[in-house]
Amino acid sequence: MSASPTALAEAAAAISESKSIVLACHVNPDGDALGSLLSLALALKPLGKEVTCLSEDGVPDILRFLPGSDLIVRSTEAPAFDLALVVDSGELSRVGVQVGPMVSRARRAVNIDHHVVAGAFGDIRVLDSSAASTAEIVYDLLQALQAPLTPEIATCLFTGIITDTGSFRFQNVTPGTLRTAATLVEAGASPPHISENVFENKTYAGTRLLGHALSSLSQTADGRIVWAHITAADFRQLGAIDAETEGVVNYVRGVRGAEVGILFREMDNGRIRVSLRSRESVNVAEMAQEFGGGGHRMAAGCTLNIPLAEAELALVAVAKIAVSRLFPG
Ligand code: AMP
Ligand code: MN
Ligand code: MN
């Protein structure tokens, strides 16, 4: 499935008919969330639109290089908008408790997303769960709008694609992903420049945090479930923050024989953020949904309000059930 041409045309028409447009992405934004949001903002401004770019958690350090990142604000006083464009968010609540009501002040909302959606929302839904990234869907939308593809816009979209595909390594990559990426490079996106910023740019503290995570590595007897944690004390001791754990879970899933990799992070407020990754077999989005989270078949997450040790027991128990269904005996 790809996003329906009708939905793309409806979204393009809604944009054309609107003057004030609010854009929003999910909390703890990643390259796809901000790349998708900013590419739209950069394309819409020259069309004379008044754009407000909302990210409840701002812009993480490693994504500050994104063209237009200075457009991002955490809140707005504007009383109303003609249109809201919400990107990379499986449910409206994912934009955050502060930003949610601001987005709801728009007369119409467009949901542009590639999550395995249960909580689809919006008057117009431009959805494609087979897309590796929301950026690919935004690319199609910009084509429908006949918006010129500048090097800045191409950079934002390419960043969305490489972050959500782990540099074209993950199962979600399709020929379409690669075709769009090729077009973006032709339009001026520089793969080495973007990769340097996104992947070769870990802070010293963040790299040491990886060491702490890996020294906590555990596995089930059959080796099919592997997990690691980072405690609030680890964060404090190293002066690191959650955004610096990006990519750590891939080492956990990368262990030979692991069908499910789980990373637990104990936040300052005591909540536990959980990242889930699988290989082809286990649907980790279903696992995350059991805990009020969501995501994709092979990459999902949830947040728990219980102690770290209990969260580990709970998630590993659910992972065992999922794994035993697929690998009986
Ligand atoms: P992460 O492990 O944070 O990189 O997230 C992997 C995927 O799971 C992304 O597609 C997220 O949008 C989704 N996800 C992570 N945390 C949550 C959550 N608390 N609720 C819903 N979806 C989530
Ligand atoms: Mn995302
Ligand atoms: Mn995404």
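**Ground rules.** I number residues from 1 along each chain as its sequence is written, and I letter chains from A and number ligands from 1 in the order in which they are written. In this predicted model, local features need pLDDT of at least 70, side-chain atom pairs count only at pLDDT 80 or more, totals for chains, interfaces and linings use all residues, and side-chain values use heavy atoms, with hydrogens and water left out.

**Entry: the parallel sheet.** I took helices (H or I, at least four residues) and strands (E, at least two) as DSSP runs, numbered from the N terminus. Two strands pair if DSSP finds at least two bridges between them. I traced an open sheet of 6 strands in the order E3-E2-E1-E4-E5-E6, and its pairing is parallel. Strand E3 (72-73) and strand E6 (124-127) are the edges; each has a single partner strand, so one side of each lacks a neighbour in the sheet. E3 pairs with strand E2 (residues 50-54) over 2 bridges. I found Leu54 bridged to Val73 in E3.

Next I looked at helix H1 (residues 5-17). H1 packs on this sheet and touches E1, E4, E5 and E6. Contact means heavy atoms within 4.5 Å. The direction of H1 makes about 130° with that of E6. Axes are lines fitted to C-alpha atoms, for helices over the stretch in contact, and angles run from 0 to 180 degrees between N-to-C directions.

**Entry: the mixed sheet.** I followed a second open sheet, also of 6 strands. Its order is E7-E8-E9-E10-E12-E11, and the pairing is mixed. E7 (218-219) and E11 (294-295) stand at the edges with a single partner strand each, so one side of each has no neighbour in the sheet. E7 and E8 (residues 225-230) run antiparallel, with 2 bridges. Ser218 sits opposite Trp227 in E8. Helix H12 (residues 308-326) lies across E8, E9, E10 and E12, at about 165° to E9.

**Entry: ligand 1.** Which residues are closest to ligand 1? I listed His115, Ser275, Arg277, Gly294 and Gly301, out of 14 residues around it. A residue counts as near with a heavy atom within 4 Å. E12 gives the most to this shell, 5 residues.

I then checked polar contacts to ligand 1 (pairs of N or O atoms within 3.5 Å). A polar side-chain atom of His115 is 2.9 Å from a ligand oxygen atom. For Arg273 I noted 3.3 Å to an oxygen atom. For His296 I noted 3.2 Å.

Definitions and conventions. A polar contact is a pair of N or O atoms within 3.5 Å; within protein, one must be able to donate a hydrogen and the other to accept it, and residues adjacent in sequence count only if both atoms are side-chain atoms.
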